[in-house]
Each structure stands twice: as structure tokens, then as C-alpha cells.
Protein chains: 2
Amino acid sequence: MQQYDVKKYRTPDGYTSDIAVFSILPEKREMFKPPVMDLKLMLIKRSMTNSEGKLNIEAGKWALPGGFVDPAETAFQSAQRELMEETGVENIHLEHFGVYDAPGRDPRGWIISNAHFAIVPEHQLAKRQANDDASEVELFSVKEVLKLDLAFDHAEIIRDAISVIRHKLLETTAAKDFLPSEFTYSELQAVLLTVTNDSAISLDAAFARKIKSLPFIREITGKKTTRTSKKPTQLYRFIDADVNTSLYHSRK
Amino acid sequence: MQQYDVKKYRTPDGYTSDIAVFSILPEKREMFKPPVMDLKLMLIKRSMTNSEGKLNIEAGKWALPGGFVDPAETAFQSAQRELMEETGVENIHLEHFGVYDAPGRDPRGWIISNAHFAIVPEHQLAKRQANDDASEVELFSVKEVLKLDLAFDHAEIIRDAISVIRHKLLETTAAKDFLPSEFTYSELQAVLLTVTNDSAISLDAAFARKIKSLPFIREITGKKTTRTSKKPTQLYRFIDADVNTSLYHSRK
DNA sequence: TAAATAGTGTCTCTTAGACAATATTTG
DNA sequence: CAAATATTGTCTAAGAGACACTATTTA
């Protein structure tokens, strides 16, 4: 880095952002029933031909949405912009999780991709169906998605993305972003059960009691709903609170 | 991404790796005393002139070690290589923690940097002093390092790196990489006290008891040392064990 | 009133944290 | 023996997990 001369170094052929857009949808939702949820990933199908009518690269395969970064923006801003263009949503939880730069990962040359994940709650997703243009877009269950024929190294990126979101759901308050601002214990439970089946979470009595002691969740005093059961259920909301995640401390 | 034409997109002018090399050194070490540790960051001083004798860019400023990524390697591999070249150490805990690509961050053009941190234990660092070539290399306490005149956007990268390592020390078993393979409770405690002053860690009796119940640390039965006290002290080692870091579970 | 989900009572066991007291060395 | 660090004893309070039981509503 001391002696820099542009000609000395080969430069990349492209700089891109990819986005793993996650949503959690109810597998079924009935009156007076707590939901059963499923974690979904949004993919697009690459068109067969490009704008010049030639066969497109990786045509017909499923891929993460994304695109080239503009020199006037960061990869993160590019991901925000592309997420907006693709799904019409803004102010969404978006996070960088990896760099994909293995030589040969893209047949077009030395192309570096920054991978991000986004959390789009169900109700924001309705908007997408409206904004949806010609390109084929579909939500796949994370249990199925890796069986698809995926473009480039997106199988690897998606595997990493799923692993990251599983951890984030349990180790941070990211579940917040899958839920409405006011939610019941069984709705939070349903979100968490997409990534764990531990008894502390799956046993209703245990979890209903635990939610009251979580430092980052507060009961909305006196406010109840009957959307998950005939008996009115207490509503909760996430609050900003710093959480102690140290391995060497007890949980407070 | 559908319609790709090389001429359509501007490409980056450079792709680099930077490395924040951390070590923890004893502030003082005496016979029969537990150590008092301090977290240090290794920086290099940029030379005044480049290989052609012209004034170097950001000359004379302190900077993270790093350099340009070769098209045949990943940024991570580049960081490994540069860490080896700079410090002579291999098989070190090295981790990617951020992408720095803000427009204008480097006056030479559109240059993207992947930031990594490395943990080099004290005894490996001795090797460095041997391998050390002409370039000026120094270790700075993280308490002081941000007061220096730093090159490029390295102040921002370093701020992030310090925050990341503080979290990693408490939220993962990264403390392992700062310690010899066999260590006493007070040695682990000294490492942790560089980033926290919570009573659960600073109180000797509490911590000496806690270390026995940590699922990722095991007592080395019957093995003791007198390097930290006159009374022989039990030795421990880290073991591979998966740790439950879920916010919704109790610690086991 | 039956059915379904929400929520409480209660028991047992474990653990954290505080701090006092004891143990084991060296010089 | 004094000094210093390591370690155990002991008390208190809180919390987890299990599971039985109660509460509240709709159809």
C-alpha cells in the first residue's frame, strides 16, 4: 500500500450487492388460533434473454435479488435501494452478513458481492405483490429453498443467510421485525419455533411466564386481543433495552 | 444483473484488506501476582516516500496493516497472507468484521476495503519483533490509539474494531486466543477486565467459582501453578463446546 | 356446556451474588 | 509469622422448568 501505482494492481470487474429477503408467513391462520409460522426467503427467476436479446447468463435459475453498486453509494446503500426497487419497502431491518469474492464465483470475471439479509414482516409484503413487475418473484420455505437450481454461488450465500438469521432470531431481538408492534406471547413463540424446538419455548405455560421477565419486552397494561384465542390474550411490545449477552454473566 | 455489459458499469479502482491486530499485554507482571492486562492494537507508520521517491499518500500517519487483494485470492486469504508477512504468525484467530466502501474514503479512487481483526497472544508476538523489518511498527493501548493521526478512514475502522473485539471477548470464547492453553482463573479474569468491570467478574471469589461452571472451560485435574500466587492455583483449559447464547433460554 | 387457549399455583432444584472465613504458600 | 492470593462455607434471593389446575371466552 506504501507504493501505489494503478497499473501495478489488477482491479475488480464488478462490485455487487445481494439481498436475502426473509419473511415469516403463517402456514395456516384460523380464528381464535395461535399461528403456525414458516420462515420464507424471496428469490427471483433470472430471465432467459438480456436486453439485447442474447441468452442471459445463468438464465432461468433462481437467484437472490441484487445488482451492481454505483460508485456514488456504498454496497449497503445499494442494497437498500435495490430492496426498495424490488419490494417497495423502506425502513426495514437490513444487515450485511458476508463478502463473497472467491475467484471464479462469477463467470463474468472478478466480481465481488456483499451479501445482506432483510426482514420484511408479512403485512409489508402485501405491498410487494402490488409493486411486483414482470420479473418472476417467489417466496420459498427455507426448508425447501436449497433444493432449487440456484444461480452463481447463491446456494452458498443462501446457506449462510439461513444460518445467520436463525442465530439472529434467538440471539438478538430481531424477532421484533417479524411481528406487528403489538403481539401476544403465542405470536412471538410461533416466530421463535421456526428456528428452535426447545421446551422452554414450546411449552406454553413456561413461555407465557418467561415473556414477562424478558428485559426487552414490556406488557401493554390492560390491552388484550382475541385474535389468537377465545380468552383475551395480553399484548406485549418490544422496548429498547440493552441486553446482556455475555457468556460470563448471568442473564438479567 | 440481468443485462450485463462491462461498459455499462464503473468498476472499482482497488480491492484491499486491512487487519486490526490485537494483543493483550501485561501492564505489569510480578512473581506470585495475578497480571493486570491491557488491550493493544498494532499499527504501522506509513513511510514518507514511495518506491519511486515521491511523497507517499497519507505519509507519516499511523495505519492498519493491509494491502491489495490479488485476483487469485479472497480478501480473507489476503488478510492471512499479509498478517503472515507483517507479523510472522500463522494459525491465528482472524475474522472479517466490516466492509469500508464509502465514496471518497480513499483519495486514490474507488477503493473497497475489507476489515479483519486478528488476535495474537503475547507469546506469538515475540516472534514479530524478530521478523520485524524496516517499517515502523508499534503497539498502542486501545485507550490511546484514537488520539493518533490516522490514515484514510482508519479512525472509523479502528473504532469499529475495538467495539467488535470488546463484544467478542464477552460474547464468545475469543478470550481463549489471548491466553496460553493452560491458565488460571485470575489470568482469564485479567483478560476480561480489559473490557468490563462488572462485579461478577471482578470479585475473585465469585469468578473463581464461576469458572468451574462454564460449559466451555474445563479444570485440568490436579494440575496447578504458582505463577500468580504463592498458594498453588488450579489450571483450566478451553474445550470445544457449543454455548447457548439465546436471549430466550437460560444459560446452562 | 364443551372446547380451546391463556394464565396461575406450586413444587423442586439450581444458581447467583455477597461476604466471611480458611488454606497454602514464600520470605 | 505476616502477607498475599486462592478457595470454600454459608446465607439469601431469585429463577427455571415441570405439570396440574383455573379462567375466559365462543358456538
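Q: What share of the atoms of DNA strand D within 4 Å of the protein belongs to sugar or phosphate, and what share to bases?
A: In this predicted model, 71% of those atoms of DNA strand D belong to sugar or phosphate, and the rest belong to bases.

Q: What makes the approach of Ser199(A) to DNA strand D a polar contact?
A: An N or O atom in the side chain of Ser199(A) is 3.3 Å from a phosphate oxygen of DNA strand D. The cut-off for such a pair is 3.5 Å, so the pair counts as a polar contact.

Q: Which element supplies the largest share of the surface near DNA strand D?
A: That element is α6(A), with three residues. Elements that each supply at least two residues include α5 (199-202) of chain A and β9 (233-238) of chain B.

Q: How do the residues of this surface divide into nonpolar, polar and charged?
A: Ten are nonpolar, seven polar and nine charged.

Q: Why is Ser141(B) called buried?
A: Ser141(B), in strand β7 of chain B, has 10% relative accessibility. The limit is under 20%, so Ser141(B) counts as buried. Ser141(B) touches Asp38(B), Leu39(B) and Lys40(B), leaving aside residues up to four places away in sequence.

Methods: Residues are numbered from 1 along each chain as its sequence is written. Chains are lettered from A and ligands numbered from 1 in the order in which they are written. This is a predicted model: local features need pLDDT of at least 70, side-chain atom pairs count only at pLDDT 80 or more; totals for chains, interfaces and linings use all residues. Side-chain values use heavy atoms; hydrogens and water are left out. A residue is near a molecule or strand if one of its heavy atoms lies within 4 Å of it. A polar contact is a pair of N or O atoms within 3.5 Å; within protein, one must be able to donate a hydrogen and the other to accept it, and residues adjacent in sequence count only if both atoms are side-chain atoms. Helices (H or I, at least four residues) and strands (E, at least two) are DSSP runs, numbered from the N terminus. Ala, Val, Leu, Ile, Met, Phe, Trp, Tyr, Cys and Pro count as nonpolar, Asp, Glu, Lys and Arg as charged, and the others, Gly among them, as polar. Buried means under 20% relative accessible area, exposed over 50%, partly exposed in between (1.4 Å probe, protein chains only). Contact means heavy atoms within 4.5 Å.
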